[in-house]
Amino acid sequence: MVKIQKKFLYAGETTVEIVEVPEDSADAKKWPLWHSPSEEQTASSSSVVESAPPPAPSKKPGPRKPRTSLAAIPTQKARKLSTLDKSAMDWKAHVSSEPSDMKDELDANRRGGGYLEKVEFLGRVDGRREEALEASKSTKRRR
């Protein structure tokens, strides 16, 4: 498993998502690897600093030569993110940052049935309530 860094453009801001994926997956090949800031600091501090040779005697500045090539174009462009994708990404980040007891509670509620099951249940309850109301009206009329 490797961590990759996905960049998205949402509402004019660049959003970075760090995801752990299998090393041989398509996402691992598509997105750049993520390196923690502490790893970058240790890598930069471990490099050997050599003393630079003394500067050469300066010449008079002359006319500059025009550039013959353009600067490298960045290959990793932030892809646009929809509102639904951004919400799903934010929810996943929120759930992963919370303690595990919240995850257990969410899983238990998810197993209890979804929205459609709840709507069907409420419909059945309303039907029974109407039947009970009709039955009580008919008994009142008989008296």
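Buried means under 20% relative accessible area, exposed means over 50%, and partly exposed is in between, using a 1.4 Å probe and protein chains only.

Some ground rules. This is a predicted model, so local features need pLDDT of at least 70 and side-chain atom pairs count only at pLDDT 80 or more, while totals for chains, interfaces and linings use all residues. Residues are numbered from 1 along each chain as its sequence is written, and side-chain values use heavy atoms, with hydrogens and water left out.

Back to Lys86. What does Lys86 form with Asp90? A salt bridge, with the closest N and O atoms 3.2 Å apart. A salt bridge here is a side-chain nitrogen of Lys or Arg within 4 Å of a carboxyl oxygen of Asp or Glu. Side chains of opposite charge can pair when their charged atoms come close. Both Lys86 and Asp90 sit in helix α3, residues 83-97. They are four residues apart, about one turn of the helix. Asp90 counts as partly exposed because its relative accessible area is 39%.

How many salt bridges does the structure hold? Two. The other one to show you joins Asp126 and Arg129, with the closest N and O atoms 3.6 Å apart. These residues are about one helical turn apart, because they lie three residues apart in helix α5. Asp126 is partly exposed at 38% relative accessible area. Arg129 is exposed at 55%.

Leu9 is 77 residues away from Lys86 in sequence, yet their C-alpha atoms are 9.8 Å apart in space. Leu9 belongs to strand β1, residues 2-10. Its relative accessibility is 31%, so Leu9 counts as partly exposed.

Now the whole chain. It has five helices and three strands. Helices (H or I, at least four residues) and strands (E, at least two) are DSSP runs, numbered from the N terminus. The order along the sequence is β-β-α-α-β-α-α-α. How much of the chain is buried? Of its 143 residues, 11%. Take contacts between residues at least 6 apart in sequence: 48% join residues at least 24 apart. Contact means heavy atoms within 4.5 Å.

Next, the inside. Which residues make the largest nonpolar core? Val2, Ile4, Val21, Ala28 and Trp31. A nonpolar core is a set of buried Ala, Val, Leu, Ile, Met, Phe, Trp, Tyr and Cys residues joined through side-chain atoms within 4.5 Å. Look at Ile4. Leaving out residues up to four places away in sequence, Ile4 touches several others, including Val19, Pro32 and Trp34.

Close to the end now, a loop. Ser25 lies between β2 (13-21) and α1 (26-30). Ser25 counts as buried because its relative accessibility is 19%. A polar atom of the Ser25 side chain lies 3.0 Å from the backbone oxygen of Pro22.

The chain exposes about 13200 Å², and carbon and sulfur atoms supply 55% of it. Tyr115, Leu116 and Val119 make a nonpolar surface patch of about 360 Å². Leu116 lies in helix α5, residues 115-142. At 59% relative accessibility, Leu116 counts as exposed. Areas come from the Shrake-Rupley method with a 1.4 Å probe. Nonpolar patches join Val, Leu, Ile, Met, Phe, Trp and Tyr side chains within 5 Å, using residues with over 30% relative accessible area and no salt bridge.

Note on methods:
Patch = residues over 30% accessible without salt bridge, like charges linked within 9 Å, V, L, I, M, F, W, Y side chains within 5 Å. Polar contact = N/O pair within 3.5 Å; in protein donor to acceptor, adjacent residues only side chain to side chain.
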